[in-house]
Amino acid sequence: MDDLRDKYIQAIAGAEDEAALEALRLEAVGKKGEISLKMRELGKMSAEERQVAGPKLNALKDEINAALAAKKAALGDAALDARLREEWLDVTLPGRPMRTGSIHPISQVTEELTAIFADMGFSVAEGPQIDTDWYNFDALNIPGHHPARAEMDTFYMHRDEGDNRPPHVLRTHTSPVQIRHMEKYGAPCRIIAPGRVYRADYDQTHTPMFHQVEGLAIDRDISMANLKWVLEEFFAAFFEVDGIKTRFRASHFPFTEPSAEVDIQCSWEDGQLKIGEGDGWLEVLGSGMVHPKVLQAAGVDPSEWQGFAFGMGIDRIAMLKYGIPDLRAFFDSDLRWLKHYGFSSLGVPTLHGGLSA
Amino acid sequence: MKFTLSWLKHHLDTTASVSEIAETLTDLGLEVEAVEDPAERLGDFTLGRVIAAEKHPDADKLKVCRVETDEGERQIICGAPNAREGITVVLAKPGTYVPGIDTTIQVGKIRGVESFGMMCSEREMELSDEHSGIIELPSGEVGQRFVDWLTANDPAKIDPVIEIAITPNRPDALGVRGVARDLAARGLGTLIARDTDPVPGTFESPIKVTINDEAREACPVFYGRLIRGVKNGPSPDWLQQSLKAIGLRPISFLVDVTNFFTYDRNRPLHVFDAAKVKGDLRVHLSKGGEELLALDEKTYRLAPGMTVISDDTGVESLGGIMGGEASGVTEETTDVFLEAAFFDPIRTAYTGRSLKINSDARYRFERGIDPEWTPHGIEHATRMILDHAGGEASEVVVAGEIPDHARAYRLDTERCSRLVGMDIPAETQRATLEALGFVMDGDMAHVPSWRPDVMGEADLVEEVARIASLTKLEGKPLPRMHSGVPRPILSALQKREQAGRRTAASLGYNECVTYSFIDRTAAELFGGGQDASMLANPISSEMSHMRPALLPGLLQAAARNQARGMSDLALFEMGHVFEGGEPGEQNLCLAGILVGRTGPKDVHGASRAVDLYDAKTDAEALLSAMGAPAKMQILRSGDAWWHPGRHGVLCLGPKKVLGIFGEIHPRILQALDVKGPVVGFTIWPEAIPMPKKAVSTRPALAQSDLQPVERDFAFVVDRDVAALDLVNAAAGADKALIEEVRVFDEFVGGSLGEGKKSLAITVRMQPKEATLKEKDIEAVGVKIVEKVGKATGGTLRG
């Protein structure tokens with residue numbers, strides 16, 4: 001019996017593949033296998049003999065079955081290993097190409113400033129880009145003969161012969177949205193109005209279309225000091241420089257009184273502009289207290305309400321923040337530019353996550 | 001507006017430095033654009049004296065000079081013919097930068113002899129063009145700074161020039177005196193009185209002036225006087241230098257006088273050559289059609305209603321804008337008729353604008369001059385003419401009356417703190433206004449005649465705050481409108497716009513911002529280009545019409561990129577398009593285009609040409625991201641710029657179009673010079689129905705425990721049968737049971753025969769009550785075949 005055991009255990013251990021193993025199984029424990037035959041012989045034995053041989057044979061059968069199973073698993077593992085060795089790939093080959101899209105800096109910066117002003121309670125108002133000259137000029141205290149009209153390089157829309165209305169204009173600023181908003185919703189209000197504006201000017205630093213954001217806050221006791229705080233908070237958040245300094249300079253706009261141009265602190269070193277440090281000043285916006293005539297034009301009683309307004313170039317602050325050199329390239333759609341200066345689709349600016357993080 | 005420091009000091013007694021003055025001006029709202037201070041570049045030059053000058057041993061034209069300097073005696077080689085013993089010269093010692101030759105002087109050898117500096121000519125110091133020899137000064141001590149010598153002896157040469165930008169509300173600051181008044185009000189000096197006694201006339205002016213009734217508003221007042229026997233010619237040096245320094249060309253004394261007062265007092269004047277004036281002068285409005293050869297040597301044809309001054313022969317001058325050539329003064333003029341009038345700002349602006357004349361006079365009259373100073377203007381100018389050109393003045397002729405400008409507003413001293421947020425003592429506020437020329441009468445502030453801009457109480461606050469300096473303003477927190485966490489502020493449409501934009505970028509599109517105006521041809525290709533959406537004054541023919549669609553701008557961007565060698569493009573834009581020229585005739589659109597291949601050639605063979613279905617996939621993804629319903633109709637009713645057989649209109653009924661996708665018509669691509677094919681889409685975010693009410697809870701999720709069953713069917717149909725019709729028919733066979741129908745194969749031609757195709761679909765059935773038995777499934781199958789047959793004429797493929 002021990003010989004039998006040794007013979008099969010050795011053979012199983014030496015089996016080279018599953019076929020050889022199967023042959024061994026049949027030979028040993030198959031229906032007509034050696035051990036099966038021996039088990040059949042048990043019937044012919046005496047009870048005493050059977051009591052000795054039976055358990056031995058059973059144990060032998062179990063042992064061989066276990067050895068067969070173990071060998072089968074081992075052969076399987078070896079075969080898998082061998083197959084996997086064959087399945088080697090050059091992982092340094094590139095993956096499948098995927099297009100990466102981008103968000104234009106104008107959109108990104110518009111979302112950034114919307115996030116900041118939203119936190120201060122400003123909502124977003126919109127208005128038409130083609131507007132009447134009343135909304136664009138008269139309502140903003142710029143009557144027909146006012147030199148500011150000529151200075152604004154206004155685009156006028158065509159007028160048919162016989163249509164004697166003054167020609168409509170492409171809005172030269174986002175300020176008409178102030179009027180439309182107050183007409184509709186009255187006071188108090190807090191809005192920003194970002195959007196396209198147009199002026200007939202094209203050179204190194206001007207394009208005939210650009211973007212502005214208008215701000216308007218009207219209430220009973222809003223003062224220019226509030227305006228200064230709002231702008232300081234805005235610049236600190238937008239440029240991500242705590243304590244950035246601003247300078248208010250007296251100026252004049254027909255639609256505000258008093259009016260101020262606002263500079264932000266900057267430095268110029270080796271041709272590199274840095275915002276929020278140094279002793280230099282960079283003009284970034286015009287602002288002031290809304291002129292009583294403008295409130296009146298929009299149907300808001302100036303003896304009861306007052307507030308501030310400001311307007312700033314979105315393209316310009318985008319250029320300053322992100323170091324984009326040429327305004328004209330904003331509207332050229334050069335793929336290299338779009339990819340270089342564009343933003344990730346998921347990079348939605350938030351105050352809690354950081355605006356440009 | 002430019003002026004020199006010395007001109008300013010003619011009106012302002014101040015010890016302030018140029019930089020102090022410049023900073024203050026900017027802070028006052030008279031923004032300094034440039035300061036040019038010649039002294040800055042001449043600071044290192046000192047005076048020396050030539051002790052001896054001998055011929056250079058090796059050069060005929062050079063001299064070896066011994067020069068006494070503040071650092072002792074130095075040897076300097078000089079080539080100037082006037083270099084000689086005893087003269088006082090200007091030295092550039094080694095290390096000094098000489099601007100006129102853009103060189104820093106070094107110790108060097110000239111023809112073998114050492115030289116320790118340079119003696120300079122005026123040109124080398126950029127003081128003038130003079131270069132015939134080195135400067136010889138009539139006075140000065142050795143070692144004295146040349147700048148100091150110039151300040152004491154010839155200050156005009158180093159007079160700093162300040163240029164300021166004047167906002168339209170401040171015509172008074174278009175005269176140097178107005179600038180000085182602002183500085184004095186700020187406390188940077190005191191205003192110097194510059195009055196002149198009237199010059200009594202000795203005879204009656206032979207030229208009379210009348211103002212026609214119709215021109216009383218256009219020209220309310222006209223002062224004139226004849227000065228006879230003058231000697232015109234070049235102006236005295238001081239006047240020439242003053243004008244040159246601010247960029248004006250001296251012409252002749254009489255003309256220069258008018259220019260001087262234009263800049264000194266914002267008081268434009270005009271001079272006629274009296275000998276060329278026929279008869280009297282008459283101010284009237286033009287009838288239209290008159291012609292005038294103006295002083296700029298151009299002939300202008302007048303429209304009706306312009307303010308003109310005529311003599312017996314016709315129009316001689318455009319009031320407030322420009323005089324005529326025929327009656328202009330020349331060097332030979334001996335009898336001059338001097339005019340100081342007041343012209344209405346509005347009419348002047350319109351006339352100047354329509355004739356396109358930009359003159360110093362127009363610039364000032366349209367902003368508003370000081371009407372009260374009209375008679376003073378004529379006296380000041382008369383005095384200056386008599387002083388320098390001699391002659392005899394007539395009595396002043398006056399037509400009309402100085403217009404009434406008197407007005408007063410209440411100064412509410414509390415208002416400054418309320419409106420600006422600055423606390424300024426009431427007394428200071430009153431003093432500020434008085435310094436600016438307001439006359440205080442109790443609380444009422446009477447506005448000075450030179451401030452046409454002050455039209456209300458808020459203007460008084462502005463003046464007070466401006467003079468006090470807004471730089472001192474301290475920020476004050478703006479309280480939140482609601483306490484606690486800020487509320488959302490975006491509208492549903494604004495959120496949708498953002499979702500569309502971000503999704504497009506996620507789908508691999510690069511966002512573009514293209515101009516809202518395009519050329520007529522491109523606009524016409526996309527259904528625009530009408531006169532209603534045309535600009536009256538486009539900047540170029542490339543930008544003449546408001547865009548009727550976003551696609552032309554994107555296609556032109558694609559063409560530009562292709563020209564730069566970039567051929568695989570995915571571009572999108574979100575913006576407004578214009579269907580007309582009235583406010584509000586604009587619609588928000590989102591459009592995208594795909595050009596070239598899905599990517600560069602790659603090892604996996606994944607790259608392929610983009611096709612219609614790419615555009616469809618993206619359009620549907622974008623519509624879904626912006627809240628469109630999952631089920632939309634697809635019609636083939638798109639506009640002519642789409643490939644007629646390859647586009648689909650995504651809609652909720654023929655009149656509720658949400659978007660279009662497809663291939664751009666090849667003729668459009670050819671016209672716009674784009675190498676195609678190009679596929680793309682346009683979506684109208686505003687057309688997507690808004691959810692009725694924002695509810696945050698979701699409906700309960702219905703999940704069946706029963707096994708779904710899928711069965712495939714293949715139908716043979718005519719080639720032009722739409723797959724969607726077949727799918728809808730199949731889905732309609734049992735709406736409760738059939739969860740989804742998908743097309744998974746399309747096969748055209750082959751054994752099917754001409755004009756036929758096979759469409760294979762998978763139908764997924766989801767039982768809700770009991771497991772499906774084979775006979776249930778078969779029953780549904782029969783119904784599907786029947787429905788599809790009815791709807792499309794299709795038969796089950798054998």
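**Hairpins and a sheet in chain B**

Mentor: Strand 35 and strand 36 of chain B form a hairpin, with six residues between the two strands. This is a predicted model, in which local features need pLDDT of at least 70 and side-chain atom pairs count only at pLDDT 80 or more, while totals for chains, interfaces and linings use all residues. Residues are numbered from 1 along each chain as its sequence is written, and chains are lettered from A and ligands numbered from 1 in the order in which they are written. A strand here is a DSSP run of E with at least two residues, numbered from the N terminus, and two strands pair if DSSP finds at least two bridges between them.

Strand 35 (residues 633–635) of chain B runs antiparallel to strand 36 (residues 642–651) of chain B, and three bridges join them; Gln633(B) stands opposite Cys651(B) of strand 36. Strand 36 of chain B also forms a hairpin with strand 37 of chain B, where five residues lie between the strands and Gly653(B) in the turn has a positive phi of about 105°. Six bridges join strand 36 to strand 37 (residues 657–664) of chain B, again in the antiparallel sense, and Val649(B) stands opposite Ile660(B) of strand 37.

Elsewhere in chain B, three strands form an open antiparallel sheet in the order 27-29-28. Strand 27 (408–410) and strand 28 (439–441) of chain B each have a single partner strand, so one side of each is left without a neighbour in the sheet. Strand 28 pairs with strand 29 (residues 444–446) of chain B over three antiparallel bridges, and Val439(B) has His446(B) of strand 29 as its bridge partner.

Technical notes. Helices (H or I, at least four residues) and strands (E, at least two) are DSSP runs, numbered from the N terminus.
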